[in-house]
Amino acid sequence: ILGSTPEAGLVGGFERAKFWETWDIGYPDGWLVEESGDTVILTGAYGEHEYRVELTQPQDAASGDLRAWVEADLAAAGQSDVALTEVSVSHLEGLKASNLTAGEGTADACPTVRVYAQSRAATGTPPRLVISVAQTSEGECNVVNEERIADALVAEARL
């Protein structure tokens with residue numbers, strides 16, 4: 001996705017890594033990767049800002065229904081009033097929540113973006129992935145870039 005947008009110059013390309021022996025994920029060249037149990041943290045620059053991306057592979061999602069899982073997770077986080085946008089790529093289905101209340105380590109007033117994705121091909125409860133993007137640098141918030149990063153990461157995720 002990033003390679004086909006006018007903002008393509010904001011990253012040089014993508015590196016790939018396999019996480020949790022499940023997900024093969026592409027992320028912008030030069031970003032730092034820190035793996036810690038069931039969470040992977042990616043940090044790096046995109047344009048004039050720095051971002052922190054948290055990848056998680058939830059194991060305890062009770063519902064096989066994507067929307068029910070997402071709504072339950074957002075309600076548990078006190079963010080049930082957030083609008084959801086469908087995200088669809090050939091191998092994954094997902095929902096994107098934008099303008100979430102900023103989390104720890106983000107610029108003061110900047111909201112975050114989160115994508116909830118699951119495999120279309122799996123039987124039973126499908127493998128799931130949560131991608132949370134937050135701007136960490138000071139200055140004007142750029143939610144559009146957060147959404148572009150989230151979209152690119154979900155498009156680059158493979159089982």
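Tutor: Gladly! Let's begin with the side chains of D24 and R16, which form a salt bridge with N and O 2.7 Å apart. Keep in mind that this is a predicted model.

Student: Why is the contact of D24 and R16 called a salt bridge?

Tutor: The definition asks for a side-chain nitrogen of Lys or Arg within 4 Å of a carboxyl oxygen of Asp or Glu. For D24 and R16 the N to O distance is 2.7 Å, so the pair meets the definition.

Student: What makes D24 and R16 "partly exposed"?

Tutor: Buried means under 20% relative accessible area and exposed means over 50%, with partly exposed in between. D24 has 25% and R16 has 38%, so both get the label "partly exposed".

Student: Which other residue forms a salt bridge with R16?

Tutor: E156 does, and the closest N and O atoms are 2.6 Å apart. This pair links distant parts of the chain: R16 sits in strand β1 (residues 14-19), while E156 is in the loop between α2 (143-155) and β10 (157-158), 140 residues apart.

Student: How do you know whether E156 is buried or exposed?

Tutor: Its relative accessibility is 19%. The cut-off for buried is under 20%, so E156 counts as buried. Together, R16, D24 and E156 are linked in a network of salt bridges.

Student: What makes R67 and E71 a salt bridge?

Tutor: Their side chains meet at 3.7 Å, N to O, and the limit is 4 Å, so the label holds. Both residues lie in helix α1 (residues 66-76), 4 residues apart, which is about one turn of the helix. R67, at 36%, is partly exposed, and so is E71, at 42%. By the salt-bridge rule, the count comes to 7.

Student: Why is the link between C110 and C141 called a disulfide?

Tutor: A disulfide is a covalent bond between the sulfur atoms of two cysteines. The cut-off is 2.5 Å, and the sulfur atoms of C110 and C141 are 2.0 Å apart, so the pair qualifies. By this rule the count comes to 1 disulfide.

Student: Why is the disulfide of C110 and C141 called left-handed?

Tutor: Because the torsion about its S-S bond is about -95°.

Student: What does the pair of C110 and C141 tie together?

Tutor: C110 lies in the loop between β7 (92-100) and β8 (112-119), and C141 in the loop between β9 (128-135) and α2, so the pair ties together parts 31 residues apart in sequence. C110 counts as buried, at 2%, whereas C141 is partly exposed, at 28%.

Student: Now the sheet. What is the order of its strands?

Tutor: The 7 strands form an open sheet in the order β3-β4-β5-β9-β8-β7-β6, with antiparallel pairing.

Student: What makes β3 and β6 stand at the edges?

Tutor: Each has a single partner strand, so one side of β3 (32-36) and one side of β6 (84-89) is left without a neighbour in the sheet. On average, neighbouring strands of this sheet are turned by 20° against each other, direction ignored.

Student: How do you know that β5 and β9 pair?

Tutor: Pairing needs at least two bridges, and 6 bridges join β5 (residues 49-56) to β9, so the two strands count as paired. They run antiparallel, and the bridge partner of E54 in β9 is S132.

Student: Where does helix α1 lie?

Tutor: α1 lies across β6, β7, β8 and β9, running at about 145° to β8.

Methods: Residues numbered from 1 in each chain as written. Predicted model: local features only at pLDDT ≥ 70, side-chain atom pairs only at ≥ 80, totals over all residues. Heavy atoms only, no water. Buried < 20%, exposed > 50% of the residue type's maximum accessible area, 1.4 Å probe, protein only. Axes fitted to C-alpha atoms, helices over the stretch in contact; angles between N-to-C directions. Contact = heavy atoms within 4.5 Å.
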